Amino acid sequence: MNEITVLGMNIKFVTTILVLLVIFLLVLIFLMIRKMNIMSRKYSALMSGKKGADLEKIIRIRFKEMDQVKANAKRVTKEHKEIKGHLSSCINKYGLVKYDAFNEMAGKLSFVIALLNDENSGIVLNAMHSREGCFTYAKEIIKGESFIPLSDEEKQALEQAKTVEEEINDLTKEAETEDDINFDL
């Protein structure tokens, strides 16, 4: 029983290891060929009917479109800031109080309306109706204050206009809470 040894190892053991290594390498080569075929099909599908120059042209067009979108976004942002600046000076708060000015007429035909901007500046219009006619008075409001004394109704309308933003925020919070409750159901 002469056992052949190579480098101090049994030849059968070395042969077995080499055969297993060859099988492993063949499987690895098979997997690589398969991957190459898949990538080759994908590349062919990508390039079908198109030349490299066509793809480059398409890519350049897309980049040009992206640059236009960026420019438009900057323009819209600038315009938005300008509009937001103008809106602060626009009338966006109001308060309305109806009342009976002379206690002689049925119904509340007289009214006061306060029209204010974000800085609580604007006007208070008071229209008093009587049997003789209608009298209308305007008073300037600067930062929530009038330099001319205000009637009780005018003060009430001014307060309504000042607090309308708070009321809207409260209603928004209520609606959000209701949405959360309905969402959880």
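Which residue caps the N-terminal end of H1? Hold that thought while I get the ground rules out of the way. What we have here is a predicted model, where local features need pLDDT of at least 70, side-chain atom pairs count only at pLDDT 80 or more, and totals for chains, interfaces and linings use all residues. Numbering starts from 1 along each chain as its sequence is written, and side-chain values use heavy atoms, with hydrogens and water left out.

Okay, the overall layout. The protein has three helices and six strands; these are DSSP runs numbered from the N terminus, H or I with at least four residues for helices, E with at least two for strands. Reading from the N terminus, you get β-β-α-α-β-β-β-β-α.

Back to the cap: that's Asn-10, with a side-chain oxygen 3.1 Å from the backbone nitrogen of Lys-12. Helix H1 itself covers residues 11-47, so to speak its 37 residues span 53 Å from first C-alpha to last, close to the expected 54 Å, where the expected span is 1.5 Å times one less than the number of residues.

Now the sheet. Four strands make an open sheet, ordered E3-E4-E5-E6, with antiparallel pairing; two strands pair if DSSP finds at least two bridges between them. At the edges sit E3 (93-99) and E6 (134-141), each pairing on one side only.

Let me zoom in on two residues. First up, Ser-121, in the loop between E4 and strand E5 (122-129). Buried or exposed? Ser-121 is buried, because its relative accessible area is 17%, and the cut-offs are under 20% for buried, over 50% for exposed, partly exposed in between, with a 1.4 Å probe and protein chains only. Beyond its neighbours within four places in sequence, Ser-121 is in contact (heavy atoms within 4.5 Å) with Leu-115, Leu-116, Ile-141, Ile-142 and Lys-143.

Next, Glu-140, over in strand E6. Glu-140 counts as exposed, since its relative accessibility is 53%. Skipping residues up to four places away in sequence, Glu-140 touches Gly-122, Glu-145 and Ser-146. And C-alpha to C-alpha, Glu-140 is 4.6 Å from Ile-123, though 17 residues apart in sequence.

Last bit, the totals. Of the 185 residues, 15% count as buried. Among contacts with a separation of 6 or more, 42% come from residues 24 or more positions apart. That's me done.

Technical notes
A polar contact is a pair of N or O atoms within 3.5 Å; within protein, one must be able to donate a hydrogen and the other to accept it, and residues adjacent in sequence count only if both atoms are side-chain atoms.
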